[in-house]
Amino acid sequence: MGNGVKEGVVRLREDAEPILPAHVSSKSDHRQVLSSLLSGALAGALAKTAVAPLDRTKIIFQVSSKRFSAKEAFRVLYFTYLNEGFLSLWRGNSATMVRVVPYAAIQFSAHEEYKRLLGSYYGFRGEALPPWPRLLAGALAGTTAASLTYPLDLVRARMAVTPKEMYSNIFHVFIRISREEGLKTLYHGFIPTVLGVIPYAGLSFFTYETLKSLHREYSGRLQPYPFERMIFGACAGLIGQSASYPLDVVRRRMQTAGVTGHQRTSIARTMHTIMREEGVVRGLYKGLSMNWLKGPIAVGISFTTFDLMQILLRHLQS
């Protein structure tokens with residue numbers, strides 16, 4: 001009986017909302033949404049800044065026909081540093097922050113809300129979600145965030161692969177694209193992005209939540225240590241990004257077609273062109289090994305920061 005009570009308390013704290021009177025519940029819901037938005041924004045900013053040089057290098061390979069290797073990736077990083085300076089390794093990171101802060105805030109906050117809604121719908125209010133609703137909550141959260149912030153992702157990709165002379169700042173990218181290519185271009189590559197984010201976000205959140213749940217079950221501790229959260233997040237990032245990587249390559253090609261010399265085409269034709277010219281593995285999985293390095297680091301930092309911020313804010317509120 002003691003173990004049952006203990007598990008119930010843990011689940012209530014980690015995975016669900018306590019059932020409160022209506023007037024208290026409404027106020028509590030607003031606080032939780034704001035808390036999730038703030039925690040998610042900070043989590044996304046820290047994670048992306050930490051891996052920005054690797055991310056920029058990966059995009060450069062994704063949108064070109066260069067063959068990827070660790071040696072070539074290091075050479076790109078080194079010559080970028082020599083020719084443009086150390087801070088150029090973070091070129092495009094301002095656009096990344098403009099996108100990632102709202103993206104991560106919306107994604108984490110939406111995930112908490114979808115968990116609550118699905119828990120209520122499936123009758124699991126006050127308990128951990130079963131696997132399929134857990135996967136669905138992550139996929140819906142990623143889709144919501146991607147839909148609301150997509151133009152910023154395109155701008156960030158453009159800045160990452162172009163010289164400083166072409167686009168001086170974020171607003172300049174928006175102005176030139178609108179004037180020279182049309183407003184529709186700001187959503188070019190949106191469909192492969194959504195198709196990719198469904199397995200990526202779904203599997204990432206699912207893996208992380210599942211590992212936390214297994215940890216509680218077998219360790220008997222209320223909370224994982226921070227380094228354990230990092231490991232859980234790293235596993236989540238590795239699985240999520242591996243599953244969605246080919247669509248990530250396709251969307252980058254479509255986003256940057258106007259400035260890299262590639263023809264602007266459909267998803268199927270872009271994917272066919274990549275496979276015909278570069279092969280399936282070398283084309284659609286180009287830069288994946290770098291993603292295996294940066295992805296787990298970024299996702300581990302992101303999930304860990306979000307959880308620790310949530311714990312801190314709950315402690316401050318109480």
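Which residues in α5 meet which residues in α6? In this predicted model, in which residues are numbered from 1 along each chain as its sequence is written, local features need pLDDT of at least 70, side-chain atom pairs count only at pLDDT 80 or more, and totals for chains, interfaces and linings use all residues. Side-chain values use heavy atoms, with hydrogens and water left out.

On the α5 side, the residues are Pro151, Leu152, Leu154, Val155, Arg158 and Met159, and they meet Ile170, Val173, Phe174 and Ile177 of α6. Contact here means heavy atoms within 4.5 Å. By class, this contact comprises 9 nonpolar, no polar and 1 charged residues; Ala, Val, Leu, Ile, Met, Phe, Trp, Tyr, Cys and Pro count as nonpolar, Asp, Glu, Lys and Arg as charged, and the others, Gly among them, as polar. Two packed helices are described by the angle between their axes and the distance between the axes. For α5 and helix α6 (residues 170-180), the angle is about 100 degrees and the axes are 10 Å apart. Axes are lines fitted to C-alpha atoms, for helices over the stretch in contact, and angles run from 0 to 180 degrees between N-to-C directions. The two helices α5 and α6 are therefore roughly perpendicular to each other, a class that covers 65 to 115 degrees, with angles under 35 degrees counted as roughly parallel, over 145 as roughly antiparallel and the rest as oblique.

Helix α8 contributes Leu247, Val249, Val250, Arg253 and Met254 to the contact, and α10 contributes Ile267, Thr270, Met271, Ile274 and Glu278. The residues of the contact of α8 with α10 divide into 7 nonpolar, 1 polar and 2 charged.

The chain as a whole contains 12 helices and 0 strands, where helices (H or I, at least four residues) and strands (E, at least two) are DSSP runs numbered from the N terminus. Of its 318 residues, 49% count as buried; buried means under 20% relative accessible area, exposed over 50%, and partly exposed in between (1.4 Å probe, protein chains only). Among contacts with a separation of 6 or more, 80% involve residues 24 or more positions apart.

Threonine 149 counts as buried because its relative accessibility is 3%. Its side chain reaches the backbone oxygen of alanine 145 at 2.8 Å. Not counting residues up to four places away in sequence, threonine 149 touches Arg99, Pro102, Tyr103 and Ile106. Serine 147 also lies in α5, but counts as partly exposed, at 28% relative accessibility. Apart from neighbours within four places in sequence, serine 147 is in contact with Tyr187 and Phe190. Serine 147 and phenylalanine 190 are 43 residues apart in sequence, and their C-alpha atoms are 8.0 Å apart in space.

In helix α12 (residues 288-317), serine 302 was considered. With a relative accessible area of 12%, serine 302 is buried. Serine 302 touches Ala43, Gly44, Ala47 and Phe108, again leaving out residues up to four places away in sequence.

Terms used:
A polar contact is a pair of N or O atoms within 3.5 Å; within protein, one must be able to donate a hydrogen and the other to accept it, and residues adjacent in sequence count only if both atoms are side-chain atoms.
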